[in-house]
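Grab a pencil and work through these exercises one at a time. Try each task yourself before you read the solution.

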Amino acid sequence: MRYAVTLIEGDGIGPEVTGATCRILDAAGAPIDWEKVPAGARAYEEVGHPLPDAVVASIKKNRVGLKGPLSTPKGKGYRSANVMLRQRLQLFTGWRPVVSLPAVRSRYEDVDLVVLRENTQGLYAGIEHEVQPGTIVSLKVSSRAAGERIARWAFDHAMQNGRRKITVCHKKAVLPLADGAFVDAFHQVGKEYPFIQQEELALDDVCMGLAADPSQFDVLLLQNLYGDIVSDICAGLVGGLGVVPGANVGHRVAVFEAVHGTAPDIAGQGIANPLAVLLSGLLMLEYMGEIKVRDRIRQAVYEVLEEGRYLTGDLGGSANTATFTDAIIDKL
Ligand code: NAI
């Protein structure tokens, strides 16, 4: 059985890091036929829209996609194609496992966390207007239904993956209605999952706790903006944005992507680290139930990291994208 998977190469270093990932998955015999579609700046130049309908249609058909980073122009231009994609496919869960990797230097060893972010609402609903010259209002949207939807995903995920505790993070003291609704939905859904420990904690305490002792957390559940920021703090705990995978998941549809951006400063030089997109590809294989091939590639990656001879510049080595990729393929 083979699967069609939508491939968005992305902008900047996107084609370099997704290209490396496809080479490794293909070399390992992953049963995937890539269906390439353009999005982001390239699509905007070619067809006048950063997220052409064909992209959404392809993912809806295949139910799974692998995506490189897409650039969003600052200020004027077009809205983030990433945000649009999440909204159009209702990819309501941002799923980011944060795990320490061999030979990647970081402050803590043995970090093993999952950050889950509500992707469709909060301050990223994109509802902004200038009420009078110089005064902007941005609306934070928080519906009970969206809170329950992601809480249920979080509890199911915890049950299926042997996770013991979920911490819902909030700023209820200043946003009692919006954040209160999110926390209430969590507790309501949580009644159906008595085997999972449930905790609510102010965002401030979560941030301080992560810096002091990340092992006290297991699964973190956050609204959109908080999740965006905290997931990067968590990435920092294990070596940075270049080494953490991510996925955006909806009802039986998922798009897998690294959390870093297009890295315009190093694009086209062949030196980008493909590890984060590769690990996102492994998460995708796990989602598709292709565990054997996932494990084979993961072992090859870990061996290359442990040996330390072929690390890219961001990890303190002198390898480039191609030599790192070749080293993994050699191990396979
Ligand atoms: P960035 O993540 O692209 O770059 C930050 C720093 O990390 C740069 O020094 C870059 O060289 C380095 N870096 C990032 N990925 C790397 C990799 N794989 N290997 C080695 N070094 C790496 O963040 P920045 O500069 O804020 O954003 C650039 C563009 O990317 C913007 O247009 C932004 O909108 C977009 N972006 C897209 C995302 C997505 O598609 N999910 C996520 C974040 C940003």
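**Exercise 1.** How many helices and strands does the secondary structure of the chain come to?

*Solution.* Before counting, know what you're looking at: this is a predicted model, where local features need pLDDT of at least 70 and side-chain atom pairs count only at pLDDT 80 or more, while totals for chains, interfaces and linings use all residues. Residues are numbered from 1 along each chain as its sequence is written, and side-chain values use heavy atoms, with hydrogens and water left out.

Step 1: count DSSP runs, numbered from the N terminus, taking H or I runs of at least four residues as helices and E runs of at least two as strands. Step 2: you get 11 helices and 12 strands.

**Exercise 2.** Work out why the chain counts as being as compact as a globular protein of its length.

*Solution.* Step 1: take the radius of gyration over C-alpha atoms; the globule rule to compare it with is 2.2 Å times the number of residues to the power 0.38. Step 2: the chain has a radius of gyration of 20 Å, and the rule gives 20 Å for 332 residues, so the chain is as compact as a globular protein of that length. Step 3: for the dimensions, the C-alpha trace spans about 55 × 45 × 40 Å along its principal axes.

**Exercise 3.** Find the polar contacts (pairs of N or O atoms within 3.5 Å) between the protein and the ligand.

*Solution.* Step 1: look at D265, where a side-chain N or O atom is 2.8 Å from a ligand oxygen. Step 2: at T72, a polar backbone atom sits 3.1 Å from an oxygen of the ligand. Step 3: H260 has a polar side-chain atom 3.3 Å from a ligand nitrogen. Step 4: check the cover; on its own the ligand has 820 Å² of accessible area (Shrake-Rupley method, 1.4 Å probe), and the protein covers 66% of that.

Key: Polar contact = N/O pair within 3.5 Å; in protein donor to acceptor, adjacent residues only side chain to side chain.
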